[in-house]
Amino acid sequence: MAAERYNAPDREKHWRKVWEDAQIDRSQMDEALPKYYVLEMFPYPSGRIHVGHVRNYVMGDVIARYMRARGYNVLHPMGWDAFGLPAENAAIERKVHPKTWTYENIAAMRSQLKGIGLSLDWSRELATCDPEYYAQQQRLFVDMFKRGLVYRKKSKVNWDPVDHTVLANEQVIDGRGWRSGAVVEQRELSQWFLKITEYADDLLAALDTLDRWPDKVRLMQRNWIGRSEGLLMQFPLEGDALPEGQETLEVFTTRPDTIFGMSFCAISPDHPLATALAKKDTKLKAFIDECHRMGTSTEEIERAEKQGYDTGLKVAHPFRKAKFPVYVANFILMDYGTGAIFGCPAHDQRDLDFARKYKLKVKPVVIPEGEDPKSFDVGSEAYTGPGRIANSSFLDGLSVEEAKDEVAKRLEKRGEGKRKVNYRLRDWGISRQRYWGCPIPIIHCEKCGAVPAATLPVLLPEDVSFDKPGNPLDRHPDFTHVACPSCGGDARRETDTMDTFVDSSWYFARFCSPHATVPVERDMVDYWLPVDQYIGGVEHAILHLLYSRFFMRAMSTTGHVDLAEPFAGLFTQGMVIHETYRDEDGKWLSPDEVRFTGNDASDRRAVTVDGGRPVTIGAAEKMSKSKRNTVDPDHFTAHFGADTARWFMLSDSPPERDVLWTEEGVQGAWRFIQRLWRLVDEAASQGAPLGAKRPEKFGPAADELRRAAHRALDAVSRNIQNLRFNTAVAAIYDLANKFGAALQGQKSAADEGLDWALRESGELLVQMFAPMMPHLAEECWARLGYHSLVAKQPWPEVEKALLVDDKVTIAVQVNGKRRDELLISRDASTADLEAAALKLDGVQRAIEGRAIKKIIVVPQRIVNVVA
RNA sequence: GCGGACAUGGCGGAACCGGUAGACGCAACGGACUUAAAAUCCGUUUCCCGUAAGGGAGUGAGGGUUCGAGUCCCUCUGUCCGCACCA
């Protein structure tokens with residue numbers, strides 16, 4: 001009797017209710033149990049979850065359910081990265097208060113997430129815009145302030161002169177504000193910084209200890225921190241225009257060995273010397289203004305065409321009687337080193353491009369092995385490799401390293417040079433001139449300076465309006481006018497809010513005691529931290545992860561925790577992508593608006609659903625609202641259920657890679673769910689009854705099935721543990737195929753113990769897919785006669801004896817080419833293998849009577865006959 | 001510009017430490033069941049030659065190390081990602 005079709009949406013609702021009543025996902029500290037903290041990067045509450053979120057959280061959920069079954073005390077919480085720009089945009093565009101907008105979004109997304117059957121401890125939910133949360137963040141800020149980890153300095157921002165607002169880099173499009181279209185200016189503002197550079201060395205060194213992080217992320221962080229050893233050099237300056245008090249130019253270089261190849265010096269447009277010169281030189285002023293229109297990102301600065309302005313000043317070479325021009329150049333970053341360089345065009349690509357443009361001398365001084373110093377020429381590509389120094393007076397013949405050292409020694413002796421370790425890493429600017437963020441708890445007093453607010457929290461006022469440009473906090477009198485906590489005089493409250501990266505730099509610690517009246521409770525963080533498995537997008541590989549690592553160190557300094565590394569294990573998952581569709585006018589179409597007409601895969605064509613107009617099928621891209629290639633999880637689960645989505649997300653594509661969302665793939669997952677349900681149903685009726693006694697002996701079919709089941713269990717366990725979900729899925733498919741075949745076999749011929757083996761492997765099968773398709777698993781578990789929850793079962797044990805076969809198939813090669821194979825006892829000796837291999841027809845044919853030179857035998861693997 | 005990653009059938013991908021390349025899924029094709037369709041079940045499917053047995057080629061391109069290379073080394077090509085105020 002065939003089973004009824006499995007009604008996923010209906011049954012899933014039922015089981016979610018059962019789980020909730022049983023509180024399967026509540027976590028409580030328990031010193032007696034080993035803990036396991038699994039966390040997915042919390043989402044920004046944009047309003048709807050998308051399938052990309054689903055993939056992220058399902059992976060974490062599989063781990064959480066698996067580790068729970070393995071006997072761990074699992075913490076698996078969820079929260080909201082709820083401050084940020086989009087809420088303010090919504091306020092401006094739709095006249096809805098950021099708070100209202102955000103909390104409505106959170107409510108919508110929470111209910112969507114609950115529909116996926118994630119085993120999350122919702123009692124720990126937090127949103128970073130909850131006063132309960134950001135009040136504690138302000139405490140942390142004040143503690144860091146008191147420890148000297150916070151300071152203020154001037155820094156550049158993108159300024160929109162029409163909207164009177166600071167723009168994010170992504171809001172600057174071709175040098176103009178995205179909303180106003182006004183040409184963006186760069187402005188200097190006083191901003192708050194966190195001293196991440198204080199920990200630069202440790203952040204770098206400790207990367208080596210993060211052995212459960214992807215190598216590429218560690219490498220990206222290493223490069224980001226960018227430690228380099230070099231030399232600070234003082235060049236005497238001369239020239240009529242030389243401003244007073246600026247008689248020397250300090251540059252930082254990592255290549256002092258190339259000093260004899262220098263042909264110019266260049267300073268940043270923001271260098272104090274440039275600013276001073278510009279006061280009298282209107283052309284220079286114009287050039288600097290031009291540079292400021294470029295944008296603040298490193299990418300733009302470095303990619304722009306190299307341009308310079310000759311200041312007329314000269315620097316003297318430290319070892320020669322030669323003078324070189326000083327340029328203001330658009331590719332010199334004020335934030336790195338001293339904002340000034342000496343240019344050696346032959347051995348630096350940027351310098352070379354610049355030199356070619358301004359017809360400056362290019363003199364090679366590092367000669368690669370095998371090249372003649374007299375004829376060596378760099379052409380259009382600078383030579384940055386190793387070699388011998390030439391054309392360099394006392395440095396001639398030295399290696400690059402020796403020359404660096406020699407130059408440093410000589411200049412240090414003269415007091416014109418100093419060795420220095422420089423970092424590319426800069427201190428973290430956290431000031432944002434925006435409303436929807438955590439207020440920086442500082443009060444500015446004319447007498448006392450910047451003083452931390454005495455009473456915390458500093459709450460965001462809610463009576464604000466966005467009908468005027470700029471930050472509404474600036475024009476909120478009650479908020480800004482306060483008494484100085486130190487002297488009691490009139491003072492002004494800081495109106496900048498914090499970068500939202502601050503919010504996400506410690507939320508994982510807050511989850512350990514989400515409602516505490518201190519930032520973190522020590523016994524809780526000591527028990528739960530570090531996060532054992534952190535899962536999220538690779539786009540956070542640098543900033544979020546580095547800031548969080550910094551925060552743990554800073555919080556250790558302030559005594560809140562005692563731990564440097566927040567994430568013991570890190571996994572970066574790929575995106576969910578989908579084809580894109582456009583009509584004749586180039587307008588983006590959503591998948592629902594498109595109908596396919598082609599006959600097969602090679603002839604895929606599409607037309608619009610409404611009028612049959614032709615549709616261009618575009619490349620699969622990251623799902624985005626603007627390209628309309630998103631899939632709505634709600635719509636989807638209402639029809640196929642959450643398990644289908646979960647299974648599909650885990651199948652096929654390796655989790656670190658992008659996964660292509662396709663209708664066929666969804667159908668495949670859906671079919672498999674139905675198939676599993678039928679198989680379990682049949683096993684329940686044809687297999688041995690619940691609790692039947694294990695037979696003494698098994699026939700060949702039963703034995704084979706049991707081997708398949710235990711092999712699959714072994715593979716699934718290892719694959720889940722290594723987050724290789726796609727191969728775990730393959731192992732389950734494989735077992736389902738063999739299980740189906742065994743069921744068929746049982747109908748045609750009885751085999752000793754097969755009914756018992758069917759029950760055993762059926763139960764194992766259900767337990768194996770339970771972390772991935774938990775709803776279906778409960779339904780199957782009940783069908784198998786159980787009144788317990790599979791979610792509460794311990795993970796089954798593999799019977800190791802069943803993993804080992806007594807016979808193995810060994811490939812036999814002749815001269816490295818596979819010619820035949822050998823089925824032979826597992827512990828056959830080398831001599832046995834040699835003898836058996838030589839007897840094979842395929843081997844004899846391939847040898848063609850030639851003499852055998854050598855036979856390579858790797859037991860249980862391969863025989864290679866060399867003839 | 002700088003930095004990083006990736007490349008295997010028609011498609012997504014598998015292959016532990018260098019040891020039978022293509023597991024598993026999708027698509028396609030053939031068959032069974034059905035009045036029919038859907039669903040389901042069985043089979044085939046890297047390419048070329050061959051009815052077959054069998055042989056040849058094959059993991060982006062070129063070279064190298066090795067008895068043996070998808071895997072290690074060098075060179076090249078292509079694609080994707082990040083670059084400090086998006087989160």
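What percentage of the 867 residues of chain A count as buried? In this predicted model, the share of buried residues is 54%. The secondary structure of chain A consists of 26 helices and 37 strands. The C-alpha trace spans about 105 × 85 × 65 Å along its principal axes. The accessible surface of the chain amounts to about 39800 Å², and carbon and sulfur atoms contribute 49% of that area. Among contacts in chain A with a separation of 6 or more, 71% are between residues 24 or more positions apart.

Helix α7 covers residues 215–225 and includes glutamine 221. Glutamine 221 has a relative accessible area of 0% and is therefore classed as buried, the cut-off being under 20%. The side chain of glutamine 221 forms a polar contact with the side chain of arginine 549, at 2.9 Å. With residues up to four places away in sequence left out, glutamine 221 touches Leu207, Trp213, Ala541, Ile542, Leu545, Leu546 and Arg549. Leucine 219 is also placed in helix α7. At 45% relative accessibility, leucine 219 counts as partly exposed, since this class lies between the 20% limit for buried and the 50% limit for exposed. The C-alpha atoms of leucine 219 and isoleucine 847 are 50 Å apart in space, and the two residues are 628 residues apart in sequence.

Aspartate 377 provides a further case, located in the loop between β16 (366–367) and β17 (388–389). Its relative accessibility of 57% makes aspartate 377 exposed, because exposed means over 50%. From aspartate 377 to isoleucine 852 the C-alpha to C-alpha distance is 55 Å, with 475 residues of sequence separation.

Aromatic pairs number 45 in the structure. One of them joins tyrosine 6 and tryptophan 677 in a tilted arrangement, with 5.9 Å centre to centre and 40 degrees between the planes. Tyrosine 6 belongs to the segment before α1 (8–22) and tryptophan 677 to helix α20 (residues 663–686), so this pair ties together parts that are 671 residues apart in sequence. Tyrosine 6 and tryptophan 677 are both buried. For phenylalanine 83 and tryptophan 436, the ring centres are 5.0 Å apart and the planes stand at 80 degrees, so the pair is edge-to-face. Phenylalanine 83 is in the loop between β3 (79–80) and α3 (85–94), whereas tryptophan 436 is in the loop between β20 (431–432) and β21 (442–445); the pair therefore ties together parts that are 353 residues apart in sequence. Phenylalanine 83 is buried, as is tryptophan 436. Ring pairs also link Phe42, Tyr507, Phe508, Phe511, Tyr534 and Phe567 into a cluster.

Two lysines are placed over aromatic faces. Lysine 114 lies over the face of tryptophan 122, at 5.2 Å from the ring centre. Lysine 153 lies over the face of phenylalanine 193, with a distance of 4.6 Å to the ring centre.

Strand β5 (residues 150–160) is paired with strand β9 (residues 185–194) in the antiparallel sense, over 10 bridges. Within this pairing, tryptophan 159 has glutamate 185 in β9 as its bridge partner. Strand β5 also pairs with strand β6 (residues 165–167), again in the antiparallel sense and over 3 bridges. In β6, leucine 167 stands opposite asparagine 158. A hairpin is formed by β5 and β6, with 4 residues between them, and histidine 164 in the turn has a positive phi of about 50 degrees.

Most residues other than glycine have a negative phi, and most peptide bonds are trans. Serine 393, which is not a glycine, has a positive phi of about 50 degrees and lies in the loop between β17 and α12 (400–414). Leucine 723 likewise has a positive phi, of about 55 degrees, and is found in the loop between α21 (700–721) and α22 (725–748). With 7% relative accessibility, leucine 723 counts as buried. The peptide bond joining leucine 456 and proline 457 is cis, with omega about 0 degrees. Proline 457 lies in the loop between β22 (449–452) and α13 (477–480). A cis peptide bond also runs from leucine 529 to proline 530, where omega is near 0 degrees. Proline 530 is located in the loop between α16 (522–528) and β26 (533–537).

Definitions and conventions
Residues are numbered from 1 along each chain as its sequence is written. Chains are lettered from A and ligands numbered from 1 in the order in which they are written. This is a predicted model: local features need pLDDT of at least 70, side-chain atom pairs count only at pLDDT 80 or more; totals for chains, interfaces and linings use all residues. Side-chain values use heavy atoms; hydrogens and water are left out. Helices (H or I, at least four residues) and strands (E, at least two) are DSSP runs, numbered from the N terminus. Buried means under 20% relative accessible area, exposed over 50%, partly exposed in between (1.4 Å probe, protein chains only). A polar contact is a pair of N or O atoms within 3.5 Å; within protein, one must be able to donate a hydrogen and the other to accept it, and residues adjacent in sequence count only if both atoms are side-chain atoms. Contact means heavy atoms within 4.5 Å. Rings of Phe, Tyr and Trp (its six-membered ring) pair if their centres lie within 6.5 Å; planes under 30 degrees apart count as stacked, over 60 as edge-to-face and the rest as tilted. A charge sits over a ring if NZ of Lys or CZ of Arg is within 6 Å of the ring centre and within 35 degrees of the ring normal. Accessible areas come from the Shrake-Rupley method with a 1.4 Å probe; for residues, only the protein chains shown count as cover. Two strands pair if DSSP finds at least two bridges between them.
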